[in-house]
2 protein chains.
Amino acid sequence: MAQERATKKQKTEGYVLHYWPVLPGRGEYVRLAFEYAGVPYTEQNDPSSLLSTITNPAKSSHPPAFAPPALKLPSGRFISQTPAILNHIAPKFGLIGVEDDADEEEKEESRSAVNQLVLTALDLCNETHDVHHPIATEKYYDEQKDAALLRSDSYRKNRLTKFLRHFQNVLATNPNSPDTEKTYLVGTKTTTADLVLFHLLCGITYAFPRRMATLEKSGDYEDVFKLKKRVENEKGIKEYLASGRRKAFDVNGVFRHYPELDDEE
Amino acid sequence: MAQERATKKQKTEGYVLHYWPVLPGRGEYVRLAFEYAGVPYTEQNDPSSLLSTITNPAKSSHPPAFAPPALKLPSGRFISQTPAILNHIAPKFGLIGVEDDADEEEKEESRSAVNQLVLTALDLCNETHDVHHPIATEKYYDEQKDAALLRSDSYRKNRLTKFLRHFQNVLATNPNSPDTEKTYLVGTKTTTADLVLFHLLCGITYAFPRRMATLEKSGDYEDVFKLKKRVENEKGIKEYLASGRRKAFDVNGVFRHYPELDDEE
């Protein structure tokens, strides 16, 4: 088994996030869980060895990754796919929305509820990416700009609002939210779902500032925007944002600001 | 908590899959896990009440679903998002690739490895869907046919082969595969990842029969196609396929056969 390959040295290495340098990208969803939970981690960001390490089971573990991010666990085993990484660490880091003394089945169900919302938020992340790459990920934006303009129209008017309505509904109806402002997606505590939605809102606001300003002003997604403000002031996150370590969005990432795609009447 | 709302009656109801009627769709990935494991389940397929039930926390549970499928658990709680459902039931159904006497951390890591591969397979499922809907899910195929033709070219030549190469690599390098033919993705047993890849291959073969015939003939993805044959003969799956209960692919589903998108030199 892969676990048997883990040496003592590997076991003391702790968590290592393998991801591209420079960009926040999908690795940022994983970083935020570590930063919020205060769990130490290091990164491997060498672009010349990243793919050859994580996609080769002899250099990482079985099964190999399809794409970054991949997280090397203290056991030496690698896990990839952002939602699989988050679902793996969420219960260990206390990010599943229930208290530690909850029974095992309640923990499992709350963990799955968090996973459900992480997946829905990451679906919106993918759709936000696909606005600028609707035809082929391997081609440049300029080669698919006409299709991108068409897709941005559907995204801004239909998809984005549909997802935000959903998250507003989830927040407003959480029967166990610990605050009167209703800024917790699941249960009584900050979860990976809150952290993922926070970063997603940051990314969409970077890419579509005019559209997001309109949606914030509408008041229809009040708790969603309050969650963003709440999370950025949470212990761990506040210090991370102030540290200068958080990578900036730019035109090569998942979230890209092309003003022509953010047309707003 | 949602669990407290579960009545005795609900507890005896067992698992109920809420999904659209007629189509296999994403519900099929969940059905296959039940069919293979031999766990009883029923379905709610009334299209007039489906969305109003699963998206309303008062009629289902918190957090509500964004979209079907949703699985009502014996506790009365609903879980949605296909990979979240599968990850929830996989350890209960013995579908995480390790033996029952493995230690808890080994089980968790194998469960996450299975989850990782389920997510990658479902990414390919989404990309396969997006070939016929590259611009807007709310519009008809005919309204986005030009973009679909462009996207199908990238899909057939780049994306599909990239994913199949990955799964071939995963299968061929599984150090614990119980068969010499290497048709198990993770560990020593059939997992939800095997079942999801099986249905995905069925769907892609329905939608792109010419492209898939070429890829099978190439011999480059030998173990992938052997997995498909192995799973269709597994106990539980064989009987299900012969039962007539399995819904047929058709032109309204995730997988659609438009011959013009399956152009092959």
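Author: Let us begin with pairing: two strands pair if DSSP finds at least two bridges between them. The model before us is predicted. In chain A, 4 strands form an open sheet with mixed pairing, in the order β2-β1-β3-β4.

Reader: Which strands of chain A are the edge strands?

Author: They are β2 and β4 (78–80) of chain A, each of which pairs on one side only. On average, and with direction ignored, neighbouring strands of this sheet are turned by 25 degrees against each other.

Reader: How many bridges join β1(A) to β2(A)?

Author: Strand β1 (residues 15–18) of chain A is joined to strand β2 (residues 41–44) of chain A by 4 bridges, and the two run parallel.

Reader: In which sense do β1(A) and β3(A) pair?

Author: β1(A) and strand β3 (residues 70–72) of chain A pair in the antiparallel sense, over 3 bridges. Within β3(A), K72(A) is the bridge partner of V16(A). β3(A) and β4(A) also pair in the antiparallel sense over 3 bridges, and there A70(A) has S80(A) of β4(A) as its bridge partner.

Reader: Which residues of β1(A) point one way, and which the other?

Author: Y15(A) and L17(A) point one way from β1(A), while V16(A) and H18(A) point the other way. Residues on both sides are buried.

Reader: How many residues of helix α5 of chain A are buried?

Author: The cut-off for a buried residue is a relative accessible area under 20%. Helix α5 (residues 82–89) of chain A is mostly covered, with 8 of its 8 residues buried. Among them are T82(A), P83(A), I85(A) and H88(A).

Reader: Is E127(A) buried or exposed?

Author: E127(A), which is found in helix α6 (residues 104–132) of chain A, has a relative accessible area of 15% and is therefore buried. Apart from neighbours within four places in sequence, E127(A) is in contact with R151(A), Y155(A), R159(A) and F163(A).

Reader: How is the packing of two helices to be read?

Author: Two packed helices are described by the angle between their axes and the distance between the axes. In chain A, the axes of helix α8 (residues 192–207) and helix α10 (residues 222–232) come within 9 Å and cross at roughly 105 degrees. Angles of 65 to 115 degrees count as roughly perpendicular, so α8(A) is roughly perpendicular to α10(A). The contact involves residues of α8(A) including L195(A), F198(A) and T205(A), and residues of α10(A) including V224(A), L227(A) and V231(A).

Reader: Where does UniProt place the domains of chain A?

Author: Such annotations may be inferred rather than shown by experiment. An unreviewed UniProt entry places "domain: GST N-terminal" at residues 13–97 of chain A. That span is 29% helix and 16% strand, and its end C-alpha atoms lie 28 Å apart. The unreviewed UniProt record places "domain: GST C-terminal" at residues 107–261 of chain A. For residues 107–261 of chain A, the content is 63% helix and 0% strand, with the end C-alpha atoms 42 Å apart.

Reader: In what order do the strands of the sheet in chain B lie?

Author: The order is β2-β1-β3-β4 (chain B), in an open sheet of 4 strands with mixed pairing. The edge strands are β2 (41–44) and β4 (78–80) of chain B. Strand β1 (residues 15–18) of chain B runs parallel to β2(B), joined by 4 bridges, and L17(B) has E43(B) of β2(B) as its bridge partner.

Reader: Across which strands does helix α5 of chain B lie?

Author: Helix α5 (residues 82–89) of chain B lies across β1, β3 (70–72) and β4 of chain B, and runs at about 125 degrees to β4(B).

Key
Residues numbered from 1 in each chain as written. Chains lettered and ligands numbered in written order. Predicted model: local features only at pLDDT ≥ 70, side-chain atom pairs only at ≥ 80, totals over all residues. Heavy atoms only, no water. Buried < 20%, exposed > 50% of the residue type's maximum accessible area, 1.4 Å probe, protein only. Axes fitted to C-alpha atoms, helices over the stretch in contact; angles between N-to-C directions. Parallel < 35°, antiparallel > 145°, perpendicular 65-115°, else oblique. Contact = heavy atoms within 4.5 Å.
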